[in-house]
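Please walk through this structure with attention to its helices, its surface charges and its side-chain pairs. The paragraphs below take these topics in turn.

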Amino acid sequence: MSRDEEEKRNPEDSSSEKRGIGEGWDTWSSSYQPISGVGDDPYRFVHVTPDEFLEYSKQEQTSRNGAPDGPASEESGEEAAGLESMKRESMDEEGPDLPPETDRTAWSKEIARSGYGESGSKRKHRKRRRHHFFLYVGILLAALAALVIFLLSPYFTLTKIQVTGNHHYSDQEIIKLAGAKTGGNLFTSAHTGAIKDKLVKQPYISDAKMSRKLPDTLVIHVTERVPVAAAAYGGKYILIDRNAVVLSITQTRPKLTLIRGLTISQMDIGSHLEAEEKGTLKSMLKMLSSMEEGDFFFRELEISGSSVTVHITSTLLAKGNYSLVKKSVEDGSLQKVVNRLLKDEIRYGTITVEENGYMSFLPDIG
């Protein structure tokens, strides 16, 4: 009678047998075991009990070491025949073909590389990582929400506005021009970009920067343009900075260097002064820069072609080639001559700047 028929007739015995014989065995053992002489392939997927596997192992060991003589040999042969019959009957399922013995390691690696038979621990590890990721994201979002709530709290109410760097405008004028107000939140009501855009539109302001002093103060720092000269135009005076930006127009002569000899074509406030004599205007700006760096002051400056005339006072002049006069101001030699004349109380006359650094003086301004 085959093993299948016995299992059908005695299902309880069969299930008991599959559970295993002997203490500590709870499940049916399934393994790849080399079984000689079963089919063409020596490796089959065979269900065997623990006792059967042990008995088969003893039989295999006996066959490798050589069968003993006498009755024991006959008994072993009968046991082997019985085991062979049992194995043939129990082979109702066949597993995947195994490669030759020499390729077992490579076959195992291929199975591992393909992901077949992934262990439960790896799946648990993957789930744990996903759980940790969402946990971290949740903590981060909660922290950001708490920070936003804190920054928007009444603790950061704007109550003070400070102004620095201003000379032409007063603090209140800067605050009014900026449109800055107290009472709002320090971070949301003080729009620094809008404040800067409003301030730099003013002709005397070249740049503006904002900063915050926690918990309640806004600081506005401005960089102002400084007037260095005034251009005479029809009874009016156009104030310009070192880059010829028009700052204001006044009817009162300012205490600045007055530049003459320009035919002005553009004088809009906040824009660059334009003249038909563009080269002369550039030369004047360079001379004014040298004058400022040399800590010197001209009452008036006039350039005509390559010649320049400067009024140190209303009655004391210096003149000569533009390059020579500019160089004498930069190296300080003209200042030395002027200081000597004033020390000797000579305030009337003309200083002529000549080649090789020589200077001459005439008590005449004609």
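In which helix does arginine 130 lie? In this model, which is predicted, arginine 130 belongs to helix α6, the element that spans residues 120-151. With a relative accessible area of 45%, arginine 130 is partly exposed, and together with Arg123, Lys127 and Arg129 it forms a patch of positive charge on the surface.

A further helix, α7, covers residues 171-178, and Ile174, Ile175 and Ala178 are buried within it. When the helix is viewed down its axis, the buried residues of α7 fall within an arc of 95°, and they therefore line one face of the helix. Gln172 and Lys176, by contrast, are exposed on the other side of α7.

From here the account turns to charged pairs. Side chains of opposite charge can pair when their charged atoms come close. Across the whole structure, a search finds six salt bridges, and one of them is formed by aspartate 207 and lysine 196, whose closest N and O atoms are 3.6 Å apart. This pair links distant parts of the chain, since aspartate 207 sits in strand β4 (residues 205-213) and lysine 196 in helix α8 (residues 192-199), 11 residues apart. Aspartate 207 is partly exposed, its relative accessible area being 24%, and lysine 196 also counts as partly exposed, at 35% relative accessibility.

Another salt bridge brings together the side chains of arginine 242 and glutamate 292, with an N to O distance of 2.9 Å. Because arginine 242 lies in the loop between β7 (236-240) and β8 (246-250), whereas glutamate 292 lies in helix α9 (residues 278-293), the pair ties together parts that are 50 residues apart in sequence. Arginine 242 is exposed, with a relative accessible area of 52%, while glutamate 292, at 42% relative accessibility, counts as partly exposed.

Which residue forms a salt bridge with arginine 260? The partner is glutamate 300, and the closest N and O atoms of the two are 3.2 Å apart. Here, too, distant parts of the chain are linked, for arginine 260 is in strand β9 (residues 257-260) and glutamate 300 in strand β12 (residues 300-304), 40 residues apart. Arginine 260 is partly exposed, with a relative accessible area of 35%, but glutamate 300, with 14%, is buried, because buried means under 20% relative accessible area. Salt bridges with shared partners join Glu300 and Arg260 with Arg253 into one network.

How values were computed
Residues are numbered from 1 along each chain as its sequence is written. This is a predicted model: local features need pLDDT of at least 70, side-chain atom pairs count only at pLDDT 80 or more; totals for chains, interfaces and linings use all residues. Side-chain values use heavy atoms; hydrogens and water are left out. Patches are made of residues with over 30% relative accessible area and no salt bridge: like charges are joined within 9 Å, nonpolar side chains (Val, Leu, Ile, Met, Phe, Trp, Tyr) within 5 Å. Accessible areas come from the Shrake-Rupley method with a 1.4 Å probe; for residues, only the protein chains shown count as cover. A salt bridge is a side-chain nitrogen of Lys or Arg within 4 Å of a carboxyl oxygen of Asp or Glu. Lys and Arg count as positive and Asp and Glu as negative; His and the chain ends are not counted. The place of a charge is taken as NZ of Lys, CZ of Arg, CG of Asp or CD of Glu. Helices (H or I, at least four residues) and strands (E, at least two) are DSSP runs, numbered from the N terminus. Buried means under 20% relative accessible area, exposed over 50%, partly exposed in between (1.4 Å probe, protein chains only). The arc is that of the directions from the helix axis to the C-beta atoms.
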